[in-house]
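Work through the exercises below with the model open. Try each task before reading its solution.

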Amino acid sequence: MIPTFPKQSEQINLNRIKMITKQEANPSHESNSKKPLAQEPGVSVEYSENKIPFIQLDLFFEDAGISIIEEIIAGTIIDHHIVVLNQKGEIIAKQPVNFQAYEILETKTEVMRNKVIVGESKKPVKVNSTTPETRISREAIERQYSDRDTVPQVLEIFEGKVPSPGEYISIYLELTYVLPYLEPNCESYGGNCFGAKQKFFDDVTSRNRRELDILRIRYVNGEIAQFPNLSAEEQTEFKTNIKSKIDSSNGTYGPKHTFTKFFFREWNLVSSPRYFRILSVGKLGKQTIMEEDKRTEESKENSQSEKDDNHSIFDSPTHTKHKKRTITTP
């Protein structure tokens with residue numbers, strides 16, 4: 001007897017995984033229709049406070065058939081890198097996908113303590129304290145990502161590899177994706193359609209949940225930290241565990257009077273590259289620009305977005321500018 005399995009869509013569209021500019025990620029709301037991506041997008045090289053050159057773009061994967069951030073947390077994407085090439089084909093930046101695991105809501109409260117003194121007149125005199133007590137509380141709120149979300153990325157350029165204005169760079173994403181071949185009928189796991197996936201990936205998902213819990217505590221304590229990606233040794237160990245669990249599960253679990261068959265599958269996926277023109281390169285607080293009078297609408301929108309978001313990713317979360325704010329965390 002061969003069980004009837006639900007047909008699973010395998011349409012992962014790698015052409016839909018792209019790096020996009022801030023303007024493309026946040027188009028004007030003049031029209032409800034989606035605007036096509038620019039044919040020749042531009043990006044600027046900036047310098048952080050510790051003099052590291054970087055470019056800032058957003059990861060976009062709407063309608064790609066895979067929610068990249070959630071799959072990283074779930075453990076099915078065990079390795080991932082964003083790769084930047086210059087026009088000579090040299091790698092000038094390569095780093096894992098970064099995402100904001102939590103939003104930190106910071107609340108600053110000033111408590112003014114009043115003193116009441118009774119003098120010889122027997123009438124109370126109120127004296128305000130000159131040193132108000134300041135209390136700061138932080139709350140970590142875990143972010144949930146869908147394939148409609150864009151994810152900001154800061155790509156640090158290798159030393160000596162900063163491209164010049166007018167040159168072109170290409171950027172693409174590398175993914176290692178692991179998933180069993182068949183999902184069982186929901187009845188096989190007491191109505192839990194994700195039972196098999198949870199069983200195979202519980203080691204890596206448990207590890208990721210532990211790391212997220214540690215990250216949440218560090219954020220609340222005012223530290224800056226990133227989600228630690230799997231090392232090469234961890235990747236090998238988890239894949240071995242998944243294969244072992246698949247082998248032990250085959251023929252054991254399944255619909256009544258038959259069994260479920262699983263196969264280990266691993267893909268090394270590469271998204272289509274996208275090309276960007278270098279508009280400017282920052283140098284010691286100044287900008288080297290292709291044209292002196294170049295004032296595009298893109299730069300105006302950039303300056304406006306910086307005014308709207310006073311907190312930089314390079315700032316310390318303990319530096320308070322507002323009485324209440326949400327901190328963008330790595």
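**Exercise 1.** Find the bridge partner of Val84 in β5.

*Solution.* The partner of Val84 is Ala93. Next, place the strands: β4 covers residues 77–86 and β5 residues 91–95. They pair in the antiparallel sense over 4 bridges. Strands are DSSP E runs of at least two residues, helices H or I runs of at least four, numbered from the N terminus; two strands pair if DSSP finds at least two bridges between them. Finally, the turn: 4 residues separate the strands of this hairpin, and Gly89 takes a positive phi near 85°.

This is a predicted model: local features need pLDDT of at least 70, side-chain atom pairs count only at pLDDT 80 or more, and totals for chains, interfaces and linings use all residues. Residues are numbered from 1 along each chain as its sequence is written, and side-chain values use heavy atoms, with hydrogens and water left out.

**Exercise 2.** Count the aromatic pairs and classify them.

*Solution.* Rings of Phe, Tyr and Trp (its six-membered ring) pair if their centres lie within 6.5 Å; planes under 30 degrees apart are stacked, over 60 edge-to-face, the rest tilted. The count is 2. Phe99 and Phe227 have centres 5.4 Å apart and planes at 45°, so this pair is tilted. It ties together parts 128 residues apart in sequence, because Phe99 lies in the loop between β5 and β6 and Phe227 in the loop between α3 and α4. Tyr177 and Trp267 have centres 5.7 Å apart and planes at 25°, so they are stacked. Tyr177 lies in β11 and Trp267 in β12, so this pair links parts 90 residues apart in sequence.
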